[in-house]
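Please keep the structure in view while reading.

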Amino acid sequence: MNITTANSQDWVHSYPSWAGIYPRYLIESRDKGYIFFTDYYNSGAIWHSIIVKTDINGNVLWHKTIGDGTHAFIAGSLEETPDLGIILCGMTNKYGGVNPDPYMVKFNACGELEWCSVNQTPGIYDFAVRVKQTQSGDYIMLASMSDPNEYYRIQLYKISSEGDWIWKHNYPPHPEVSNDDGADLTLLDDGYLITALCYAPDSGQTEGGAYERLYYIRTDTMGDDVWRLVYGSSNGYHGQAWFNTLKNPSGHFYTVGWHSNYCDTPGLIKVLSDGSESYFADLMPTACPGGCGSLNFLDDTTFVILVGGTINGTRRLKWIKTDTLGAEKYFKEFPINDFMESTGWTIVTHDKKIVGLSDYNLNITLYKLNSSCEFDTVYP
């Protein structure tokens with residue numbers, strides 16, 4: 001496939017030759033370039049995954065296709081490993097047909113395949129969501145619906161450094177929880193944190209029904225429960241989040257998503273290290289509806305987030321810096337445009353730059369801002 005990029009004086013790259021690609025995950029690599037993981041759509045269906053590696057200016061260095069051209073390979077997440085290789089996960093229908101299976105692939109530092117492992121689960125429609133490498137070199141993978149019991153919808157797997165599947169741990173839902181789905185995995189010094197989505201009733205509710213909730217499961221290193229929290233059970237918060245959870249130096253957790261008590265609007269949620277609800281803050285309080293991208297620390301006490309929504313009938317879009325309470329400290333508003341409005345994954349780089357990965361009508365754009373949220377310039 002020929003690769004072309006559209007450059008401007010500002011640090012903005014589009015990749016028109018890859019129309020039909022949907023971005024899944026973005027990281028900064030150790031050489032200060034970027035790696036993003038995507039799905040390729042063919043005839044309206046996801047056909048295979050593509051890894052794209054760029055330099056520090058967003059110029060494509062290489063790309064790799066995950067798939068055999070016949071079966072679907074769908075992206076989950078991707079991480080760079082300490083040996084400068086890449087580990088990734090997703091789902092494939094190569095063996096299960098209409099009931100796909102989780103897969104993992106390991107590349108070495110030269111981008112060469114080391115191993116590929118598929119956990120075949122006949123008759124079960126399951127898939128991998130996140131994979132992380134532990135300090136010992138093994139891998140922990142978050143999966144969904146990887147059990148014959150249809151109500152066991154969240155699993156952790158441990159996989160050896162060679163790709164051997166060591167154990168699986170199920171997390172049967174609390175009796176009031178339904179439709180629970182894993183969304184993110186955070187490695188801790190003494191275990192793991194699963195961030196999930198679910199539906200659950202309000203405290204004391206007796207007339208039936210349930211609301212969107214964030215759902216957290218804290219485990220030890222063997223995957224056993226330490227605590228669980230259905231967020232909103234005490235403070236009445238309704239809403240969900242699709243991206244990432246961050247841990248601060250004190251061990252507390254922050255997630256950003258949407259607050260849906262009255263109309264979806266961007267919201268910041270804090271959970272204490274012991275699993276207690278702490279607080280939430282609306283980040284664009286009058287937006288109705290509204291949304292946001294992923295959450296990043298600019299430093300230990302400052303978040304940077306892209307938020308957008310409709311206020312008094314007008315669509316608005318801005319990057320904001322907030323303190324850890326969610327109070328806005330700085331913002332820069334941008335004109336509504338296709339690529340920025342469609343941003344999902346964002347990262348903060350080693351030198352405190354902000355990089356966003358977006359799609360609009362399945363066209364990919366990668367852009368970089370400086371710490372003042374102005375478009376960065378290319379490096380010589």
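This is a predicted model: local features need pLDDT of at least 70, side-chain atom pairs count only at pLDDT 80 or more; totals for chains, interfaces and linings use all residues.

Lys-321 lies over the face of Tyr-330, at 4.9 Å from the ring centre.

**Charges over rings**
- In a further case, the charged end of Lys-332 is placed over the ring of Phe-334, at 5.6 Å from its centre.

**The pair of Tyr-254 and Phe-297**
- The count of aromatic pairs comes to 17.
- For Tyr-254 and Phe-297 the ring centres are 6.3 Å apart and the planes stand at 85°, so this pair is edge-to-face.
- This pair links distant parts of the chain, since Tyr-254 belongs to strand β21 (residues 253-259) and Phe-297 to strand β25 (residues 296-299), 43 residues apart.
- Both Tyr-254 and Phe-297 are buried.

**The pair of Phe-334 and Phe-375**
- Phe-334 and Phe-375 have ring centres 5.9 Å apart and planes at 80°, so they too form an edge-to-face pair.
- Because Phe-334 lies in strand β28 (residues 328-334) and Phe-375 in the segment after β31 (363-369), the pair ties together parts that are 41 residues apart in sequence.
- Phe-334 has a relative accessible area of 8% and is therefore buried, whereas Phe-375, with a relative accessible area of 24%, is partly exposed.

**A cluster of rings**
- Phe-334 and Phe-375 also belong to a cluster, in which ring pairs link them with Phe-339 and Tyr-367.

Conventions:
Residues are numbered from 1 along each chain as its sequence is written. Side-chain values use heavy atoms; hydrogens and water are left out. Rings of Phe, Tyr and Trp (its six-membered ring) pair if their centres lie within 6.5 Å; planes under 30 degrees apart count as stacked, over 60 as edge-to-face and the rest as tilted. Helices (H or I, at least four residues) and strands (E, at least two) are DSSP runs, numbered from the N terminus. Buried means under 20% relative accessible area, exposed over 50%, partly exposed in between (1.4 Å probe, protein chains only). A charge sits over a ring if NZ of Lys or CZ of Arg is within 6 Å of the ring centre and within 35 degrees of the ring normal.
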